[in-house]
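Trainee: I am new to this structure. How do I start reading it?
Mentor: Take one feature at a time, with the model in view.

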Amino acid sequence: MELWFTEKQTPAFGITAKVRETYVDEQTPFQHLSMVETEEFGRMLVLDGMVMTTVKDEFVYHEMVAHPALVTHPNPKKVLVVGGGDGGVIREILKHPSVEKAVLVEIDGKVIEYSKQYLPEIAGELDNPRVEVIVNDGYMHILNNKNEYDVIMVDSTEPVGPAAPLFERGFYQGIYEALKEDGLFVAQTDNPWFKADLIQQVNRDVKEIFPIVRVYGANIPTYPSGLWTFTMGSKTHDPLEVDAAAIPDMPTKYYSSRLHHAAFCLPKFVEDLTK
């Protein structure tokens, strides 16, 4: 018998992958968590029926959360990741030698536990001495830490369940206050095919708080529609003013110095959402 996992990305559209083995399938205190082995994308982490990461394409998302922000800030020393319990963004952050401390705040400890067990190539740096892992509410951590971070990265699920407050204007205001005077943040902001309204709303909210707001994109095949957006809000530093020649070579598979500025060149229909 063949076993297939299907994510219904909208009520009328989804993606499906043939499953070779199921390692974990349980309800945590926060969400339903599955860890499966797929034929096409290898091991896959699924939360509440949504693909979070796979061994095959994870590098795109994790690199594009971390590197555009960290090359835009001239000297990032202390970085916060909200969510991201699989550890992929942390792994990418540690490729920047200026970072002295990376703090991960993940609400669901089971995501961390199972990622370490089944996704070691992604979660392998969570025990690095430069990393502090906190199992707690990222929203409250933001509100309780003022003027603390150079860069904040919001690596959340889609805006449902425990991640819903991470897409509200009050959260972005809290981020602004948790950043130092020249700080910046980046958040994943879903896809323009199915969630255009969300991109527009986040863009409006962040523009009311941050003087510099830029949206960029990447291709991630297992995420809804394959076209994914990220929104950066900055107090002083503009990613479009980064000198590409000064971006250091790093062991990456997607992000590069040439790609940095290109990622901010959006298709017209996506660019229109940010006006």
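Mentor: Start with a cut-off: a residue counts as buried when its relative accessible area is under 20%. Keep in mind that this is a predicted model.

Trainee: Which residues of helix 6 are buried?
Mentor: Helix 6 spans residues 169-178, and its buried residues are Phe171, Tyr172, Gly174, Ile175 and Ala178. Look down the helix axis: these residues fall within an arc of 155°, so they line one face of helix 6.

Trainee: What covers the buried residues of helix 6?
Mentor: The cover includes strand 6 (78-83), strand 9 (149-155) and strand 10 (179-188). Helix 5 (138-143) and helix 7 (196-207) are also among the covering elements.

Trainee: Now the cores. Which residues touch the most other members of the largest nonpolar core?
Mentor: A nonpolar core joins buried nonpolar residues through side-chain atoms within 4.5 Å. The largest one here has 39 residues, and Ile90, Ile93, Met153, Tyr216 and Phe230 touch the most other members. Helix 1 gives the most to this core, with 9 residues.

Trainee: What does Tyr216 touch?
Mentor: Leaving out residues up to four places away in sequence, its contacts include Met64, Val65, Pro68, Trp228 and Phe264. There is also a second, separate core of 22 residues, with Leu80, Val154, Leu179 and Ile209 among them.

Trainee: Where does Asp108 lie?
Mentor: Asp108 sits in the loop between strand 7 (101-106) and helix 3 (109-118). Asp108 is buried yet has no salt bridge. The nearest side chain of opposite charge, Lys110, is 7.6 Å away. A salt bridge needs the charged atoms within 4 Å. Beyond four places in sequence, Asp108 touches Thr28, Phe30 and Gln31.

Definitions and conventions: Residues numbered from 1 in each chain as written. Predicted model: local features only at pLDDT ≥ 70, side-chain atom pairs only at ≥ 80, totals over all residues. Heavy atoms only, no water. Helix = DSSP H or I, 4+ residues; strand = E, 2+ residues; numbered from the N terminus. Buried < 20%, exposed > 50% of the residue type's maximum accessible area, 1.4 Å probe, protein only. Lys, Arg positive; Asp, Glu negative; His and termini not counted. Contact = heavy atoms within 4.5 Å. Arc of directions from axis to C-beta.
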